Amino acid sequence: MPGTELFGDEERKEVMDVLNTGVLFRYNHDAQRQGIWKAKEFEAEIAKFTGAKHALAVSSGSTAVSSMLAACGVGYGDHVIVPPFTFVATIEAVLFAGAIPVFAEIDETLCLSAEGIRAAITPKTKAVLLVHMCGASADLDGILAVCKEKNVMLIEDTAQALGATYKGKHLGLFGKMGSFSFDFFKINTCGEGGVIISDDEQLIKTAEHLSDHGHNHEGDNRGMEPHHIMGTNFRIGEINAAIGLAQARKLPFIISQQRKHKAIIQERLSKIPGLAFRKQCDDAGDSATFFHLLLPDEATARATFKNMGVAGIGGGYWYDNMYHYIKQWSHVKELKMPFRMVAHELGLPQDLKTMTFPQSDAVMCRLISFNIRVTWTEAELDALLTKLEGAIVSAMKPVTA
Ligand SMILES: *Cc1c(COP(=O)(O)O)cnc(C)c1O
């Protein structure tokens, strides 16, 4: 992934600033820290980059989603509409909140569709937890219209789409709150970390207090800070934040390189008859972290993926992935947890063990994705495309005896 590709002296310098003071904690210790506030700087960098009024860094993308749900008041028994194609963390966060996930169909945007959401709304629906999957936007116009009409809030799990925009505005700013992940597999990495953005100061403050046992972070006497709510520890540490800061500064370069490479790929692969791509809601706003192929049918997709493996081209066939698509989520379907949750008590409105997702399956079984690298040379990309064209064309050729 781009962040790991570009890891270097900039990250080391920011980490050394922290190691030199020894203040690994993001709050307090004003004298000892000698003006070094990496978490605060990291937040400011993400706010500046996305145009958000407020940003809060936390310990992971998962705890960022949990913090958003909590700050938005999503809890006991609330229905939350979620996609069947996402990293499973999205669903776990809903369950950990004591809320109930309700699955809706995705379409060729690889995200929840407005019609899918409409069909899944129940009288108990409190929020849509929209995932902008694989680096690009969902159909926000359609989805915002349904949310408004049905009076449910939109919350954006933007873990995979930092840097992507829709009609010029950064993803994560369309709902009440949006979150990003900085784990090792995302556009930027800081080891483990997450950032929440919002234009709503009160929501961000609630998330901030929640992420640190209710502390309101006023003054420099931690033990005497007032507490309006309880919370837990979802804090980011200064070392992780320092790395995140260095990585975030590289975002404009990363996104522009990825987009350049995507354009080259798209140009070349458009010449293959019968091959389609992910449906883009705003093609220019794609962070271009992945390139997505939609083959004509499942058999051709499987054959292409096999050919890609033989040719040494990395890529993902999400339909079979254990952590990203509901088809393989037996643990979710059976609510397997070491403790009793609200969802066990109240039950799910959908029978996930028998439920099918025909529209989502029809997209997922044809989908192959591969990472767009930042550091490709033109020659490397050209060689890869030649191999890829071969892998696709030979899979699509009708079998002749
Ligand atoms: C990665 C990811 C998360 C979780 O982020 P972590 O930093 O790994 O906890 C949540 N949602 C989605 C869609 C993700 O891709």
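At 7% relative accessibility, Lys262 counts as buried (under 20% relative accessible area is buried, over 50% exposed and in between partly exposed, with a 1.4 Å probe and protein chains only). Lys262 forms a salt bridge with Asp283, the closest N and O atoms being 2.7 Å apart (a salt bridge is a side-chain nitrogen of Lys or Arg within 4 Å of a carboxyl oxygen of Asp or Glu). The model is predicted: local features need pLDDT of at least 70, side-chain atom pairs count only at pLDDT 80 or more, and totals for chains, interfaces and linings use all residues. Residues are numbered from 1 along each chain as its sequence is written, and side-chain values use heavy atoms, with hydrogens and water left out.

**Salt bridges**

- The structure holds 32 salt bridges.
- Asp283 is partly exposed, at 37% relative accessible area.
- Salt bridges with shared partners join Lys13, Glu14, Asp17, Lys38, Glu41 and Arg249 into one network.
- Lys250 and Glu11 meet through their side chains in a salt bridge (2.9 Å, N to O). Because Lys250 lies in the loop between helix 9 (238-248) and helix 10 (251-269) and Glu11 in helix 2, the pair ties together parts that are 239 residues apart in sequence. Both Lys250 and Glu11 are buried.
- A further salt bridge is formed by the side chains of Asp212 and Arg235 (2.7 Å, N to O). Asp212 and Arg235 each lie in the loop between helix 8 (201-210) and helix 9, so this pair ties together parts that are 23 residues apart in sequence. Asp212 is buried, with a relative accessible area of 0%, whereas Arg235 is partly exposed, at 22%.

**Sheet**

- Seven strands form an open sheet in the order 1-9-8-5-4-2-3, with mixed pairing (two strands pair if DSSP finds at least two bridges between them). Helices (H or I, at least four residues) and strands (E, at least two) are DSSP runs, numbered from the N terminus.
- Strand 1 (54-58) and strand 3 (100-103) stand at the edges with a single partner strand each, so one side of each is left without a neighbour in the sheet.
- On average, neighbouring strands of this sheet are turned by 25 degrees against each other, direction ignored (axes are lines fitted to C-alpha atoms, for helices over the stretch in contact, and angles run from 0 to 180 degrees between N-to-C directions).
- Strand 5 (residues 153-157) pairs with strand 8 (residues 178-181) in the parallel sense over two bridges. Glu156 stands opposite Gly178 in strand 8.

**Helices across the sheet**

- Helix 5 (residues 89-96) lies across strand 2 (79-82), strand 3, strand 4 (125-131) and strand 5, and runs at about 140 degrees to strand 3. Contact here means heavy atoms within 4.5 Å.
- Helix 7 (residues 140-150) lies across strand 4 and strand 5, at about 140 degrees to strand 5.

- Met16, Leu19 and Leu24 make a nonpolar surface patch of about 280 Å². Patches are made of residues with over 30% relative accessible area and no salt bridge, like charges being joined within 9 Å and nonpolar side chains (Val, Leu, Ile, Met, Phe, Trp, Tyr) within 5 Å. Accessible areas come from the Shrake-Rupley method with a 1.4 Å probe; for residues, only the protein chains shown count as cover.
- Leu19 is found in helix 2 (residues 9-21) and is partly exposed, with a relative accessible area of 45%.
- Ala70, in helix 4 (residues 61-71), is partly exposed at 34% relative accessibility. Ala70 and Ala207 are 137 residues apart in sequence and 7.3 Å apart in space, C-alpha to C-alpha.
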